[in-house]
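Here are my notes on this one, as numbered points. Have the coordinates open while you read.

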Amino acid sequence: MIFNQNDCMRISDDRYSRERARMELALRFLRHEARTQTIRAWTGLSDDRIRKLYRSYMSQARRPLPRHRGKSPHQVAYFSRSLRLQEETVALASAAARASLPGAETAAAAGSLPGLTRGELLCQAFEAFRLLLPSAHISFEHAVFLATALARGDQLRLGDCSDCGSLMVTERLLLRGARCPHCAGAAAPRGHG
């Protein structure tokens, strides 16, 4: 059989480049210790394919990466549990905005947040966030939840402090003007000494 030069398979063909992008994003999510269900939602890969990727590439890493099980984070109260988490949440939301991860308006227009391009932007935002705050408590799974909640806009939103104007992440249905933790702390009554 004689093959024409034009008949050769190229790895860069469109039909293969999308599959390659899905695999690369899955590996990036695995490095950030994402759960299988999260990787499936953002890449479209099957659970079996994700497990095989982990066994092939991640299980032999210098430091074996843990595989988290169970439900992904889903409570917005996590982001306001402490002053540190509130500050980390704002830093992460800011990194997501700088990475052009869509907010509520554009994600609603686009249909939904998960997808290859948005997954890559989410990874860029999380990696920039971890460079800024290497000892941050917010995990990648929490970053996925935060990005999704902000994009949906039904539980969380970006806003400004009513006193100083600094960026804040607040619950969607606040009855009065939101104040950042620093302004709220400055207005708190001091004890008598």
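Predicted model: local features only at pLDDT ≥ 70, side-chain atom pairs only at ≥ 80, totals over all residues.

How do the residues of the lining of the largest pocket divide into nonpolar, polar and charged? Point 2 has the answer, after some housekeeping.

1. **Ground rules.** Residues are numbered from 1 along each chain as its sequence is written, and side-chain values use heavy atoms, with hydrogens and water left out.

2. **The pocket lining.** The lining residues divide into 11 nonpolar, 6 polar and 3 charged. The largest pocket holds about 440 Å³ of space. Of its 20 lining residues, Gln86, Met168, Val169, Thr170 and Arg179 are the closest to the centre. The elements that give two or more residues to this lining are α4 (83–98), β2 (167–171) and α8 (181–187), and β2 supplies the largest share, 5 residues.

3. **How the pocket was found.** Rolling a probe the size of a water molecule over the atoms shows where empty space is left. The search runs on a 1 Å grid over the protein atoms alone; a pocket is an open set of points where a 1.4 Å probe fits, with protein on both sides within 12 Å along at least five of seven lines, and lining residues have an atom within 4 Å of a point. Grid points are joined across faces, edges and corners, and the volume is the space filled by probe spheres set on the points.

4. **Overall layout.** The protein has 8 helices and 2 strands, and along the sequence they follow the pattern α-α-α-α-α-α-α-β-β-α. These are DSSP runs numbered from the N terminus: helices are H or I with at least four residues, strands are E with at least two. Buried residues make up 38% of the 193 residues; buried means under 20% relative accessible area, exposed over 50%, partly exposed in between (1.4 Å probe, protein chains only). Among contacts (heavy atoms within 4.5 Å) between residues at least 6 apart in sequence, 56% join residues at least 24 apart.

5. Strand β1 (residues 156–160) runs antiparallel to β2, with 5 bridges joining them; two strands pair if DSSP finds at least two bridges between them. Arginine 157 stands opposite threonine 170, and leucine 158 has valine 169 as its bridge partner. There are 6 residues between the strands, and glycine 165 in this hairpin takes a positive phi near 85 degrees.

6. **Threonine 170.** Beyond its neighbours within four places in sequence, threonine 170 is in contact with Gln155, Leu156, Arg157 and Ala178.

7. **Proline 181.** Over in helix α8, proline 181 is partly exposed at 29% relative accessible area. Not counting residues up to four places away in sequence, proline 181 touches Leu83 and Gln86.

8. **One side of α2.** Thr36, Thr38, Ile39, Trp42 and Thr43 are buried in helix α2 (residues 36–43). They sit on the same side of α2 because they cover an arc of only 160 degrees around the axis, the arc being that of the directions from the helix axis to the C-beta atoms. What covers them includes α1 (14–31), α3 (47–58), α6 (116–132) and α7 (140–152).

9. **Backbone on either side of α2.** Glutamate 33, in the loop between α1 and α2, has a positive phi of about 65 degrees although it is not a glycine. Glycine 44, which follows α2, also has a positive phi, near 80 degrees.

10. Tyrosine 54 in α3 is buried at 16% relative accessibility, and its C-alpha is 7.1 Å from that of leucine 30, 24 residues apart along the chain. Alanine 128 in α6 is partly exposed at 35%; C-alpha to C-alpha, alanine 128 and alanine 95 are 6.5 Å apart, with 33 residues separating them in sequence.

Terms used:
Nonpolar A, V, L, I, M, F, W, Y, C, P; charged D, E, K, R; others polar.
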